Structures are given as structure tokens and as C-alpha cells.
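Open the model in your viewer and keep the selection tool at hand. The stops below tell you what to select and what is there.

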Amino acid sequence: VAELRRAFPDLRARGRSEPVDEVVALQAADVDGRPWERRNRATPGWVIAHERGESLGLVRLDEVAGFLLSVLTDRLLAIEPGFAHVHAGVASIDDRAIVVPGPSGAGKTTLALRLAREGALLTDEMAAIDRGAGRLRSAPRPVSLKWQGHLAFGDAVDASRRPADSAGWWIPPDELGTTQVDETGPGVVALTERRPGAPALVPATRAEALVALLESSFDVARDPVGVMDDLAWLAASSGAVRIAYEEAADAAPLLIDHLRAGGPDGHLEEMGPPGANSRVDPEALSVILDGRAVIHHPGSQAIVRLDPAGTAVWRSLVAGVHPGGTDVEFVQQLRDAGLIGVGGDE
Amino acid sequence: MDDTSDQGVIDRRRAMKLAAGGGVAAGAAWMAPKIEGMSVSPNYAAAATCGSGSMGQIAHDSNNCGYYGDTECWGNNCCGTWGFSGTATTSAPAKSFSLNGGIRGGVSDDSGRVDLTVNGIDPPHQRCVVNVSGNCTGGATFRGGGTFTFNNNGSVNDILIDCQGGGNVTADPDGQIRVNMTCTCL
């Protein structure tokens, strides 16, 4: 209970969701020692989490925090169907985001926390894209710090509190030298690569950023059209950079300098529906960012990024105009990827 | 094009392999159109497309479950254990989950107890929900049971089942316990 009280000081979703409030109520009541019911006499240490009389789950005592956060994530995805959600660590510097998309274990938390020491943390796990308001949002939550990650924070982490048989533990951001905000504006999308040696930062295209966001989307399978629109907006409104680094502490200053150097927004060209004579598969979704097409085919789950010449061909194919002089092999590759129909006279 | 054909899927997968091996861009001439990158979008929302699997309901009847003399009695001949087992299989992808357990009770007990164990879950990709419910005859009221969600393989023991009230000197209430499980891909 003491660990719960410490780890969940303010678990809520900006007052915009009853389900999450129910989880908060469950947590708060648990601190009072009531609704978390231990019913397994044969295996002490398992807890059945109840929410208003309904069982939520069977979890080990040392997994309660993670379980509650998984419930929170599920609920947010369910109650925010109008937002695209990205698996990313996000720091807010001067009210602008540095978005670090990536899978679990990629180092999102460590880098986002290190960045947030110069500003604030939005999330180490999942950000919602509120395109209408032009903001990224997240519910305040403790961060998941893996064992190796704590080494980056030295004395800020009391290693003696690490759960005995867990790979990591949940820590409020303020114990790691930063604060948490629940929204920020777009800034830069950082594509990361871990490698030994000095950090190296190079510009990336916004099309590459959009691909990384699509690859890290929680809900692209549920709403391919809406998620494509939201992610394309974020990529177009952000800078894009690729950074290779070994230590998050070395990478953070480079990313912050890049963010502050700024730059104009990208040029986003929304692709209309395929033309009457189009050979493009009607299911293929595409946008053109700074002259490069990014195509997502929900059926095959293919994400394809074209160069400018390929984008010109794609634009013609969508419009139903014969591209003329097109590389036959290129068209065959598009067909193999399921993006254009079989039998077209491209 | 037939998007749903196996051939279409195979072609897309072949294109992915080509891209992964660098074959897509190889040999492209200067200014020739190119695919710069190919990848696959995630399937986090698999729960929306993965079929849930439910096992057939397991039911046990108890004679004289309520008052047996001045105590309650659950279990075979008011003693021992009723064992039960069942399997739930999801579709797309197909995966089987097992539920095993038993119902315990005795003449000196005031109520019955259900133990259950679920296996086959590969966390965090599946979840199984087991429901234990019941009803009673002879004017008695069933209490206990519950719904239990398993995010990992595990057991829950000592789930209380009880028929309260009802019955008389010549006719004790009977009870029926129902156990079912539904598993879902996440």
C-alpha cells in the first residue's frame, strides 16, 4: 500500500474519463485497505483487483502498479477513440515536444527523462495526439524504469526499493529530477539508434518521422484513416532528426539544441480519393510530406515510403493519369506490395 | 485486384522481404523512382480482429447442498472433491487455454469452496475471464462465486459458494454451480 501511495500520487486523465476515475477510486480505496481483496489462501501474494464488484484481474503483489497502468492504457485507448495514440517517450522543452517513438526496451524512458530535466516529461509510454487543439496529451503516471535505466540517474533512484523479482519498478518523475505535464505542442520527432561512441545527430525527412510514428501507433489497426491523418499532422508540424547514441546524457543536449534551432513546418499534401481511372488499390492510404509519399495499406499492414521521383509516379497513379516513362520494375514493386491493382496499364 | 486472395498476401510479404534485403532499391538508375523504405504497421489492436474463445459451461449439481443436518454440504456425497476441466480456443490466431479445478465441501463446512487454475496464457497477449456462479432451490439464495480475470497463468482457490436459507426438515435445498471461461487475444 505504501508503494502504491508513492507511485500513484495523481493517476487521472485530466478529468475527462469516468473509467479512469474508477481506477483512481479503486486505487484510493485500496490505500484505505478496502476493495483489494486477497482471496487466494493457497498462494499468498496474489491479489484480485476489484472495481465496483467486478473483478479486474489477478496480479502478483509486485505487479500491481504495472497492472493498474495497463488498465489505464486500455481505458484511455477505449475512451479516446478520436485521438491517435503513439508508443513513445515525450519530453516537453519550452512547451514543444521531443517525441521518441519506439518499442519497449528501446530506451524511450531513459532518454525522455534525461531530456525532461531541461523541461518536463509528458510521458514515457503513450501520447495522445489532439490534432484539433494542436497538442499532444498524456495522463500523468509513474515512469517504468528498467534496471539498467536507473544507472543513468545515479543517486536519484533508491536501488534498495527495487522489487525483488522484477525487471524494474515504477517511480514518480519528480523523484527523478523532473516534473510532469499533461500536454505540450509539437516540436521534433527523434528517430533513435543505440550504438557505441560519441552521439551523432543528422537531419531526417518528415516522411521518415511519419513512418516511425505509424510503426509505433497503438490504434492504426482500429482506425487507419483517422490515425494516418493525426500522425501526418504531427509529422508535418514537427522537425525530424535521426540520432545515434550510447548514453542518453550525451544525446539529450544535441536534441534540445536541435529543437531550439527550430524550422518551418513541413508541407503536407493530403491525397484525395483515387481518381476514376486510378489503378491504386482503394484501401491504400497515402499522404505526401515535403515531396515524399508515405503509403499505408491496412490490409497487408505495409508501410511504404517513396523518393520524390517515385512520389511523382504515385501522384499520377492516384489521379488516374498515366505516369508515362515509368520504370517497369518500380511499378511491379508497388503491385507486389499490394498498393496498385493487378492488370493496370501503368 | 483481389485483396483477400492468398496470392495477394504472399506478394506483399515477398515485397517486404525484398525491401528488407535491399532488393527493392537495387539497380535503380539515376532519377528512377524508388521505394525508400518498407515496413509493417503494428497490430496492437489485435483484440478487435482476434476471435474470442469460450469453453462450454461446466455445471455441477449438488443434492442437499443447503442444510444437511445443521450444516451445509457441497461436494460429492457431501465430501471429497468434484473435479472439472475445460478448454477454450480462440480463433485467428487459434490458441487453447485450459481451466481445471474442483469443488470442495464437507458435512462440517458451512459453505463450499471452488479452486480453479488457468493455463495457456502467453502474457501479455491473451486474457481469460472465468465466471463462477450458481443457483439454489428450495427457497435458498445463492451467494459467492465471482468473476476472475487472468492476465497470467495462475490459480484462485477458496472461492466461496453457499446456499443460504430455505429448506426444511424433510427437503433441503439443492444447488447448481456453473463455471465458464472466455479467453481473448489482446
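Helices (H or I, at least four residues) and strands (E, at least two) are DSSP runs, numbered from the N terminus. This is a predicted model, in which local features need pLDDT of at least 70 and side-chain atom pairs count only at pLDDT 80 or more, while totals for chains, interfaces and linings use all residues. Residues are numbered from 1 along each chain as its sequence is written, chains are lettered from A and ligands numbered from 1 in the order in which they are written, and side-chain values use heavy atoms, with hydrogens and water left out.

**Stop 1: chain B**

Select chain B and colour by secondary structure. Chain B has one helix and 11 strands. Along the sequence they follow the pattern α-β-β-β-β-β-β-β-β-β-β-β. Of the 186 residues in chain B, 42% are buried; buried means under 20% relative accessible area, exposed means over 50%, and partly exposed is in between (1.4 Å probe, protein chains only). Contact means heavy atoms within 4.5 Å. Among the contacts in chain B between residues at least 6 apart in sequence, 63% join residues at least 24 apart.

**Stop 2: helix H4 of chain A**

Now select residues 108–116 of chain A, which form helix H4.

Two packed helices are described by the angle between their axes and the distance between the axes. Axes are lines fitted to C-alpha atoms, for helices over the stretch in contact, and angles run from 0 to 180 degrees between N-to-C directions. H4(A) passes H8(A) in a right-handed crossing; a crossing is right-handed if the near helix is turned clockwise from the far one by less than a right angle, and left-handed if anticlockwise.

To see the contact, show side chains for A:Thr110, A:Leu111, A:Arg114 and A:Leu115 of H4(A), and for A:Ala248, A:Ala249, A:Ala251, A:Ala252, A:Leu255 and A:Ile256 of H8(A). By class, this contact of H4(A) with H8(A) has eight nonpolar, one polar and one charged residues. Here Ala, Val, Leu, Ile, Met, Phe, Trp, Tyr, Cys and Pro count as nonpolar, Asp, Glu, Lys and Arg as charged, and the others, Gly among them, as polar.

**Stop 3: helices H6 and H7 of chain A**

Select helix H6 (residues 206–215) and helix H7 (residues 224–237) of chain A, which pack at an angle of about 140° with their axes 9 Å apart. That makes H6(A) oblique to H7(A). The crossing of H6(A) past H7(A) is right-handed. On the H6(A) side, look for A:Arg206, A:Leu210, A:Leu213 and A:Leu214. They meet residues of H7(A) including A:Met228, A:Leu231 and A:Leu234. By class, the contact of H6(A) with H7(A) has nine nonpolar, no polar and one charged residues.

**Stop 4: A:Ser286**

Select A:Ser286, in strand S14 (residues 285–289) of chain A. At 11% relative accessibility, A:Ser286 counts as buried. Which side chain joins that of A:Ser286 in a polar contact? The partner is A:Trp314, at 3.0 Å; a polar contact is a pair of N or O atoms within 3.5 Å, where within protein one must be able to donate a hydrogen and the other to accept it, and residues adjacent in sequence count only if both atoms are side-chain atoms. Leaving aside neighbours within four places in sequence, A:Ser286 is also in contact with residues including A:Met228 and A:Met271.

**Stop 5: A:Phe330**

Move to A:Phe330, in helix H10 (residues 328–336) of chain A. A:Phe330 counts as buried, at 1% relative accessibility. Not counting residues up to four places away in sequence, A:Phe330 touches A:Leu306, A:Gly310, A:Val313, B:Pro33, B:Lys34 and B:Ile35.

**Stop 6: two loops**

Finish with A:Asp95, in the loop between strand S3 (84–93) and strand S4 (96–101) of chain A. A:Asp95 has a positive phi of about 65° although it is not a glycine. Most residues other than glycine have a negative phi. Then select A:Gln301, whose phi is also positive, near 65°.

Note on methods: Angles under 35 degrees count as roughly parallel, over 145 as roughly antiparallel, 65 to 115 as roughly perpendicular and the rest as oblique.
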